[in-house]
Amino acid sequence: MKNKTIIFWLFAFTLFTACDDALDVKPENYLFEEQLVTDDKSAQTSLVGVYTQLNSTYISQYSELLPALMAGELSTTNTGFFRDASLNDFDPNSISVKLFYEVFYDIINSANATISGVLGNDAVSKVEQDRILSEAYFLRAFGHFQVLRYFGQFFDINSPYGIVILKELSTFENRERPRLSVQESYDFILKDLDESIRLNAPFTNNFYASALAAKAFKANVLLYIGGDANYTQAINLANAVINDGSVTLETNFADIFDNGNSNAEVIFSRFADNSASTKTASFYQLQNKASTLIKNYLQNDPRATDSYNSTNSRIKKVYILDLKGGPTNFMRLAELYLIKAECQARLNLLSEAETTLNFVRQRAYGAIPPALTYNNSDELLNLIFEEYVKELCFEAGSVWFSAVRHNKIETVNPNVSSTNQYILPIPLNELESNTLFGAQNPGYDGI
């Protein structure tokens, strides 16, 4: 992570109470330190600084393309980082590995700056303190969860190969920290999500954090951790989000993407319109295209037409030209239904899982989707995995991480021959500058 103190983005416009227009304007200059928070307005400004980090190419685009290449959803003509991803063969010296690692810590450190500046600050109203802190704790959890998914052995709760956790603003003096275990990493992420839920930021727009998003992500984290008690809790959280009514499944699959941030289904996304940073057409239209694997999975599926162009194999669903590339959807309601169905199946609640799964399938196929044929939980879990692919291909790693959970890695990408390839290497500069970090990820020591 970068050996520097965090900076705040300050905008040349007036913030409204709910920051509704905050993400329309690019930051013009940088100012330093959390003591800039002197009232509600400056507290809102510091929070906006966290959200601007999501416009980084390494979050808005690489978090879609990189895991899709790792999972074999995309084929690539790129000879650099994207090629490495398609082969699941990463170099710890890669500048792209370094930047992909650091950008999530930029979010975390920005969130820490906001938390430090707002928590217990009498100059900020109680209502705004609670809302801003709820969002900031979620964003810090989001950043740590992404680092753990890509750079820690998230799939093994007993592994010592977790991540560095930033509990406070990072400075030159405290920049060196050891990596924690996977269990300790998950514990901290869950603690932040619980605090976000407790402080209860309302759901207003899907490009803002909320207690609703925290509940959805907590359900996802608990699914990753596994175990009957966690599956049960994840189901309850999914039900809470579904029953809340703030988000609903779009009637038409294409509308999820064509409507941009205005869609009714997305729980948390990167903001995008004509004034926001755009996705790179060459990434989505030329270098990386729908693979044969995806075409086989989507054969005869109604979602194929809206997922990729059958003529030239270009990605469609996450790259909408009219929206300057479109938002980046990190969680939408359909995925939460799949999370719920997977948890139910893992608890051997097969009839309930089928019912949950069909909420998503009905949108794709109409009122009566094709019947599901299975004899046991393993067979139903296979069908649920297929639904992850059909519904969520190209979307922020959902297929890749599902493939890890369902032991489908070699099916989707035969280049993977070891669990070492489930994650990226720790960047070499992190190991050199942070002498307390600990060991490199297994499989990358001799590179």
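Contact here means heavy atoms within 4.5 Å of each other. The model is predicted. In it, the buried residues of helix α7 pack against α6 (126–151) and α8 (211–225).

**Helix α7**
- Helix α7 covers residues 182–199, 18 residues in total.
- From its first C-alpha to its last, α7 reaches 26 Å, close to the 26 Å expected at 1.5 Å a residue.
- The buried residues of α7 are V182, S185, Y186, F188, I189, L190, D192, L193, S196 and L199.
- Just after α7, N200 adopts a positive phi of about 65°.

**Salt bridges between individual pairs**
- The whole structure contains 22 salt bridges.
- Within helix α6, R131 and E135 lie 4 residues apart, about one turn of the helix. They form a salt bridge whose closest N and O atoms are 2.7 Å apart, and both residues are buried.
- E168 forms a salt bridge with R177, with the closest N and O atoms 2.7 Å apart. E168 counts as partly exposed because its relative accessibility is 38%, whereas R177 is buried, with a relative accessible area of 9%.

**A link between distant parts of the chain**
- A salt bridge joins the side chains of E265 and R363 (2.7 Å, N to O).
- E265 lies in the loop between α10 (255–258) and β4 (266–270), and R363 in helix α15 (residues 350–365), so that the pair links distant parts of the chain, 98 residues apart.
- Both E265 and R363 are buried.
- A network of salt bridges links E265, D301, R303, K317, R332, R363, E387, E391 and E395.

Definitions and conventions:
Residues numbered from 1 in each chain as written. Predicted model: local features only at pLDDT ≥ 70, side-chain atom pairs only at ≥ 80, totals over all residues. Heavy atoms only, no water. Helix = DSSP H or I, 4+ residues; strand = E, 2+ residues; numbered from the N terminus. Expected span 1.5 Å × (residues − 1). Buried < 20%, exposed > 50% of the residue type's maximum accessible area, 1.4 Å probe, protein only. Salt bridge = Lys/Arg side-chain N within 4 Å of Asp/Glu carboxyl O.
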